[in-house]
Amino acid sequence: MAFINYSAREINCKLVYYGPGLCGKTTNLKFIYEKIAESAKGKMISLATESERTLFFDFLPLSLGEIRGYKTRFHLYTVPGQVFYDASRKLILKGVDGVVFVADSQEERYEANLESMDNLVGNLREQGLELERLPCVIQYNKRDLPNAMPVDELRAELNPQGKRHDFEASASSGKGVFETLKALAKLVLLDLRRSK
Amino acid sequence: MSLTPQLVLFEEDHKKIVAVAERLVSEANAKAIFLVDKNGQLIAEAGELKGIDTTSLASLVAGNIAATGGLAKILGEEEFPIHFHQGARDSLHITLVAQRIILVVIFDERSSLGLVRLRVKKASQRLAEIFEQVFKKTAAVFDEKGLGAPFAEISEQDIDNLFSD
Ligand SMILES: Nc1nc2c(ncn2[C@@H]2O[C@H](COP(=O)(O)OP(=O)(O)O)[C@@H](O)[C@H]2O)c(=O)[nH]1
Ligand SMILES: [Mg+2]
């Protein structure tokens with residue numbers, strides 16, 4: 001559930017891009033940052049190591065407009081993918097409103113995708129959340145590469161019941177990036193309608 | 001509701017919070033005050049805000065608190081409740097209020113660490129009381145009826161419009 005500020009008439013939502021190291025999370029944010037109108041975006045922050053791998057998080061605030069008189073803000077975060085940054089991932093998941101799971105379509109990253117999905121489920125559970133009940137979309141990234149696995153095979157593991165919206169993407173060229181973001185934003189905002 | 005509620009802040013409470021923050025700015029001779037949720041959302045601000053990227057500040061402060069929180073656990077501490085960063089010109093005094101709200105005070109040579117610490121202590125008690133109420137109201141919204149209007153009426157079209165252009 002988002003942060004609703006009646007006084008400032010704002011809805012603030014936290015969206016997290018999750019997935020194995022080097023699957024393209026930062027690339028998604030960079031593309032969004034480049035394409036979005038100057039007025040709609042804040043500064044993109046990357047806390048990265050020298051080798052450009054995300055150390056703590058990337059952060060991109062977006063302010064896309066109003067819904068029913070409320071300014072709608074999205075705070076996009078990525079998590080570091082490497083196994084040893086699990087502490088950082090837990091912290092970034094705090095208060096998450098929705099997750100994009102970015103899978104790396106390359107065959108050799110198959111196991112890494114599954115591990116990362118397990119890790120997501122486990123870390124959410126630690127804060128009392130079930131992935132099942134959280135707005136979540138799946139992105140099969142790097143579709144442009146020759147060693148990309150068939151989508152059906154990835155889907156069979158990552159979205160077995162087909163309950164999630166899922167998208168094919170090539171984040172480095174921007175294909176599928178906005179479709180993914182929009183689908184998640186929709187789920188998160190429509191969630192505000194629900195009552196117990 | 002499917003998720004743990006984050007925060008629903010009603011106008012009356014927001015006003016109370018801003019009033020405490022403004023008073024703290026003047027009593028502590030501070031430059032600026034920020035209240036940030038541990039999730040990185042900016043809740044209120046007061047003082048000289050010119051030139052400060054408040055959204056980035058909120059996100060990084062929350063990240064910092066989270067990281068030092070992890071550090072505290074390694075050492076067997078629950079949390080480090082007070083943080084102080086000294087700069088050449090501006091300094092930062094950071095404390096936790098009501099467990100999940102971060103109070104950030106920015107001050108310069110017009111004030112001192114001692115004064116800031118003293119005033120923060122008093123303001124924190126007041127803020128904690130207000131936030132306890134805010135958390136209760138947030139929980140009540142979700143246990144009872146949901147957010148209601150205008151959120152109950154959000155349509156797919158509304159959301160499509162956000163992304164059109
Ligand atoms: N070919 C190809 N490369 C990609 C794609 N998306 C990301 N990359 C590359 O994969 C590498 C890691 O991407 P990055 O976004 O830093 O991964 P992260 O660890 O998930 O943040 C970079 O060299 C990107 O340019 C894609 O769709 N296709
Ligand atoms: Mg990255």
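This is a predicted model: local features need pLDDT of at least 70, side-chain atom pairs count only at pLDDT 80 or more; totals for chains, interfaces and linings use all residues.

Student: OK, which residues of H3(B) are buried?

Tutor: Among them are B:Val116, B:Val120, B:Ala123, B:Leu127, B:Phe131, B:Val134 and B:Phe142. Residues three or four places apart point the same way, because an α-helix has 3.6 residues a turn.

Student: And what do the buried residues of H3(B) pack against?

Tutor: Strands E1, E2, E3, E5 and E6 plus helix H1, all of chain B. H3 itself covers residues 113–143 of chain B and reaches 42 Å from first C-alpha to last, close to the 45 Å expected.

Student: Switching topic: how many aromatic pairs are there over all chains?

Tutor: Eight. Take A:Tyr6 and B:Phe10: their ring centres are 4.8 Å apart and the planes sit at 5 degrees, so that pair is stacked. A:Tyr6 is in the loop between E1 and E2 of chain A and B:Phe10 in the loop between E1 and H1 of chain B, so the pair joins two chains.

Student: Is A:Tyr6 buried or exposed?

Tutor: A:Tyr6 counts as buried, at 15% relative accessibility. B:Phe10 has 25%, so B:Phe10 counts as partly exposed.

Student: What about cavities, what volume does the largest have?

Tutor: About 110 Å³. Its lining has 14 residues, with A:Lys14, A:Leu91, B:Lys38, B:Ala62 and B:Gly63 nearest the centre.

Student: Which element gives the most to that lining?

Tutor: H2(B), with four residues. By class, the lining has seven nonpolar, four polar and three charged residues.

Key. Residues are numbered from 1 along each chain as its sequence is written. Chains are lettered from A and ligands numbered from 1 in the order in which they are written. Side-chain values use heavy atoms; hydrogens and water are left out. On a 1 Å grid over the protein atoms alone, a cavity is a set of points where a 1.4 Å probe fits but cannot get out, and a pocket is an open set with protein on both sides within 12 Å along at least five of seven lines; lining residues have an atom within 4 Å of a point. Grid points are joined across faces, edges and corners, and a volume is the space filled by probe spheres set on the points. Ala, Val, Leu, Ile, Met, Phe, Trp, Tyr, Cys and Pro count as nonpolar, Asp, Glu, Lys and Arg as charged, and the others, Gly among them, as polar. The expected span of a helix is 1.5 Å times one less than its number of residues. Buried means under 20% relative accessible area, exposed over 50%, partly exposed in between (1.4 Å probe, protein chains only). Contact means heavy atoms within 4.5 Å. Rings of Phe, Tyr and Trp (its six-membered ring) pair if their centres lie within 6.5 Å; planes under 30 degrees apart count as stacked, over 60 as edge-to-face and the rest as tilted.
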